[in-house]
Amino acid sequence: MNAVEEGDLVARVEGAAGIIRLNRPKAINAVTLEMFRDIDKALDRFEADPEVAVILLEGAGERGLCAGGDIRALWESSKAGGDLGKILWREEYILNARIKTFPKPYVALMDGIVMGGGVGLSAHASHRVVTDRTKLAMPEVGLGFFPDVGGTYLLSRSPGEIGTYFGLTGQTMNGPDAIHAKFADSVVPGAKWPELREALTRARSGVTAADVSKLINGVATGETAGPVAAKKPIIDALFGFDRMEDIFAALKRDGSEFALATLKTLNEKSPRGMVVTLKLLRLARTASSLEECLVREYRAALEVFRSDDFREGVRAAVIDKDRTPTWSPARVEDVTPQMLAPYLAEIGADELKFNS
């Protein structure tokens, strides 16, 4: 066992596996800028090491892989007029794209809570393993934000309007629903994970993606759909619109228990965040690549970073925890095209560019 780095990120070789362990269990492994940089360095080492056959991403502790990015630090920087958002999101999104195209099998254990930045580190992997404890969500709209880290790319490729539903409501997926939504590939019971992990560390040099899939399938349950998948017909009918006003109107018209509960959830979210999210999701449907979506997300993220809604959403959810944000504007009808435009505008020299 070759220990390379301890601290908030553990990067080491175990047998044939390059292990990347998010190591902030008290914060449910929320990811900092330094951790993103350390992951990138670890991938450099593992890619160059012929003895490393497979990458394995996991989270320390019992609560989950990762609860997201370090939102408090971003909030403090935004309040102070700093540039942490510009720096962190640039490096994070470039890393997300790297994971998608990484040349060796990359296995992500999406156990427990997996949100936001944790989705970016795992849902672009070649092999995405969820468990019986997985709680995956993209809850950014409740922070005056939108599903980033390639979230618009992933959600726009979910069946029907399932991705629109998850992106706008921030509702949680269990393991099978994460597979249905195309955020994951296989459900492996938590009790079987140690056996699978051991098998992955014993993989031989030159192991193929198909070989890794065979190992995973040997302990997977075969489940592919959870409780939300069963609601696909009503979700498709209620969320198949390109304007938030039309989605709200459809929910009110329907009046079912599901529609009214969903309406209550949406009424808690940032109107501006919902309008931006829906627009980005619709644009992502015709995107040719993850990179194209990340470029668009980066433009929007810089605008979010400057916005009162982001600071207010984080204040209400994370800082004061009073859960009563005052959104501006307060209704989706009042989000004008002029308000939306800066989130979509090109940003010149600041445009996101990927390492060739």
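Pro-329 is located in the loop that separates helix H15 (308-319) from helix H16 (337-344); helices here are DSSP runs of H or I with at least four residues, strands are runs of E with at least two, and both are numbered from the N terminus. The peptide bond between Ser-328 and Pro-329 is cis, with omega about -5°.

The model is predicted, so local features need pLDDT of at least 70 and side-chain atom pairs pLDDT 80 or more, while totals for chains, interfaces and linings use all residues. Residues are numbered from 1 along each chain as its sequence is written, and side-chain values use heavy atoms, without hydrogens and water.

Two residues other than glycine have a positive phi, as the table shows. Most residues other than glycine have a negative phi, and most peptide bonds are trans.

| Residue | Phi | Loop between | Relative accessible area |
|---|---|---|---|
| Val-149 | about 50° | strand S9 (135-137) and helix H5 (151-156) | 1% |

Buried means under 20% relative accessible area, exposed over 50%, and partly exposed in between, with a 1.4 Å probe and protein chains only.

Leaving aside residues up to four places away in sequence, Phe-183 touches several residues, among them Met-110, Arg-128 and Ser-158; contact means heavy atoms within 4.5 Å.
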